[in-house]
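Please open the model in your viewer and keep the sequence panel beside it. The stops below say what to select next and what is to be found there.

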Amino acid sequence: MEGFLKILNDRGLKPSSIKTYTTNLKKLLADLGMNYDGANFIKKNKANILALLETKSKSVRKNYLSVMLIILSPVRKQPPANNKAIYDEFNALLAGLNDKYNEQLATK
């Protein structure tokens, strides 16, 4: 968890944002029954994570995906080469959720 906090602090996030991301990571880990291991836990458990996301509401999916994108890309939107493929996949999922949300807003 210290590594995650370092990433958040290095990004210069406000304390309230750090608390939100940390809380969401803890919830994700509890839902998966796993421990934090940096990007490795995401890579090793991708299938479990995707299955879990399908059971969650859109807002929880967005929260979980945002946390994982931060873990996969310690520098904003610049994932290391070894994380790029999974980062792009999760980023596309998040973009899809945002598109659906915007469509719903437009139809109301």
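Begin with helices α1 and α2, whose crossing is right-handed, a term that applies if the near helix is turned clockwise from the far one by less than a right angle, anticlockwise being left-handed. Helices here are DSSP runs (H or I, at least four residues), numbered from the N terminus. This is a predicted model, in which local features need pLDDT of at least 70 and side-chain atom pairs count only at pLDDT 80 or more, while totals for chains, interfaces and linings use all residues. Residues are numbered from 1 along each chain as its sequence is written, and side-chain values use heavy atoms, with hydrogens and water left out.

The axes of α1 and α2 come within 10 Å and cross at roughly 150°, the axes being lines fitted to C-alpha atoms over the stretch in contact, with angles from 0 to 180 degrees between N-to-C directions. The pair is therefore roughly antiparallel, the word used for angles over 145 degrees.

Now select Phe-4, Leu-5, Leu-8 and Asn-9 of α1 together with Ile-18, Tyr-21, Thr-22 and Leu-25 of α2, which make the contact (heavy atoms within 4.5 Å). These residues divide into six nonpolar, two polar and no charged, where Ala, Val, Leu, Ile, Met, Phe, Trp, Tyr, Cys and Pro count as nonpolar, Asp, Glu, Lys and Arg as charged, and the others, Gly among them, as polar.

Next, turn to α1 and α5, which pack at an angle of about 85° with their axes 10 Å apart, so that α1 is roughly perpendicular to α5 (65 to 115 degrees). Select Phe-4, Ile-7 and Leu-8 in α1, which meet Val-67, Ile-70 and Ile-71 in α5; the residues of this contact are six nonpolar, with no polar and no charged.

Which residues does Leu-25 contact, leaving aside neighbours within four places in sequence? Leu-25 is in contact with Met-1, Phe-4, Tyr-36, Phe-41, Val-67 and Ile-71.

Finish at Asn-24, in helix α2, which is buried with a relative accessible area of 10% (buried is under 20%, exposed over 50%, partly exposed in between, with a 1.4 Å probe and protein chains only). Leaving aside neighbours within four places in sequence, Asn-24 is in contact with Asn-63, Tyr-64 and Val-67.

Definitions and conventions. Helices (H or I, at least four residues) and strands (E, at least two) are DSSP runs, numbered from the N terminus. Angles under 35 degrees count as roughly parallel, over 145 as roughly antiparallel, 65 to 115 as roughly perpendicular and the rest as oblique.
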